[in-house]
Amino acid sequence: MSGTGPVEPGEGTHDRAAPDAPRSTPRRRGRPARYYGRHRRAVLATTAAATVLTGGGYLYATRPQPPPAPPPPHPSQVVDVDYLDAVPGPRDAFRFAVRLSVRSGPPVTVTRLDQPYDGIAMTASPAAPFRTKAHSARKIIVTLRVTDCAKAPRNLALPFLLVTLRNTRAIQAHSYILGTHYARDLSHALQVACSNDSG
């Protein structure tokens with residue numbers, strides 16, 4: 001023999017120090033293994049379907065949610081009350097018309113309509129409560145009668161009406177200043193009603 005390198009065993013020889021290769025022993029197959037062997041395609045298809053359903057369920061549960069719809073506006077933000085003009089009526093009363101309009105949002109119900117001054121009684125037609133839909137207006141006839149001239153105001157600069165409004169979001173009591181035309185007409189009506197009063 002010539003050359004260098006490890007010594008290799010010859011034919012028919014083997015290294016006695018090396019352990020023998022493990023012998024394969026026949027394994028007993030249990031019931032699940034036998035079932036899998038016979039129904040492998042069905043088992044794989046069922047497993048794949050379950051995996052897809054689980055993944056789909058997870059994706060559905062974690063999908064981004066659309067933001068919630070903004071709440072409707074407060075009723076006082078969408079309602080306007082405007083003085084129209086004096087209306088002919090009984091001699092002992094001051095009658096006038098206002099327009100209540102709802103610009104947007106859900107319908108608004110007027111639950112109360114009043115004035116803040118002692119010595120004056122008020123009625124309205126239609127009487128509260130009444131409802132007005134969005135993008136519509138309602139004409140209201142208000143009648144004021146002086147019940148006590150001593151308590152009735154004089155020379156009103158900014159008279160207003162108290163209106164309680166309700167929609168699906170809130171109930172609000174709000175004061176509506178009806179402007180200088182209303183102030184002038186109301187002051188004149190009060191002066192006429194109390195002109196013969198001594199005190």
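The lining of the largest pocket counts 10 nonpolar, 1 polar and 3 charged residues. Keep in mind that this is a predicted model.

**The pocket**
- The largest pocket has a volume of about 270 Å³.
- Besides α4, strand β6 also gives two or more residues to the lining.
- In total 14 residues line the largest pocket, and Arg-91, Ala-93, Phe-94, Ala-189 and Val-192 sit nearest its centre.

**Helix α4**
- Helix α4 runs over residues 180–193, and at 1.5 Å a residue its 14 residues should span 20 Å; the end C-alpha atoms are 20 Å apart, so the two agree.
- Its buried residues are Tyr-182, Ala-183, Asp-185, Leu-186, Ser-187, Ala-189 and Leu-190.
- Among the elements covering those buried residues are β1 (79–86), β2 (94–102), β4 (120–125), β6 (136–146) and β7 (160–166).

**The aromatic rings**
- You'll find 5 aromatic pairs in the structure.
- One of them joins Tyr-83 and Phe-96: the ring centres are 5.6 Å apart and the planes meet at 45 degrees, so the pair counts as tilted.
- That pair ties together distant parts of the chain, with Tyr-83 in strand β1 and Phe-96 in strand β2, 13 residues apart.
- Both partners are tucked away: Tyr-83 is buried with a relative accessible area of 11%, and Phe-96 is buried at 0%.
- Ring pairs also link Tyr-83, Phe-94, Phe-96 and Tyr-182 into a cluster.

How values were computed: Residues numbered from 1 in each chain as written. Predicted model: local features only at pLDDT ≥ 70, side-chain atom pairs only at ≥ 80, totals over all residues. Heavy atoms only, no water. Helix = DSSP H or I, 4+ residues; strand = E, 2+ residues; numbered from the N terminus. Expected span 1.5 Å × (residues − 1). Buried < 20%, exposed > 50% of the residue type's maximum accessible area, 1.4 Å probe, protein only. Contact = heavy atoms within 4.5 Å. 1 Å grid on protein atoms, 1.4 Å probe; cavity = no way out; pocket = protein on both sides within 12 Å on 5 of 7 lines; lining within 4 Å. Points joined across faces, edges and corners; volume = space filled by probe spheres on them. Nonpolar A, V, L, I, M, F, W, Y, C, P; charged D, E, K, R; others polar. Phe/Tyr/Trp six-rings, centres within 6.5 Å; stacked < 30°, edge-to-face > 60°.
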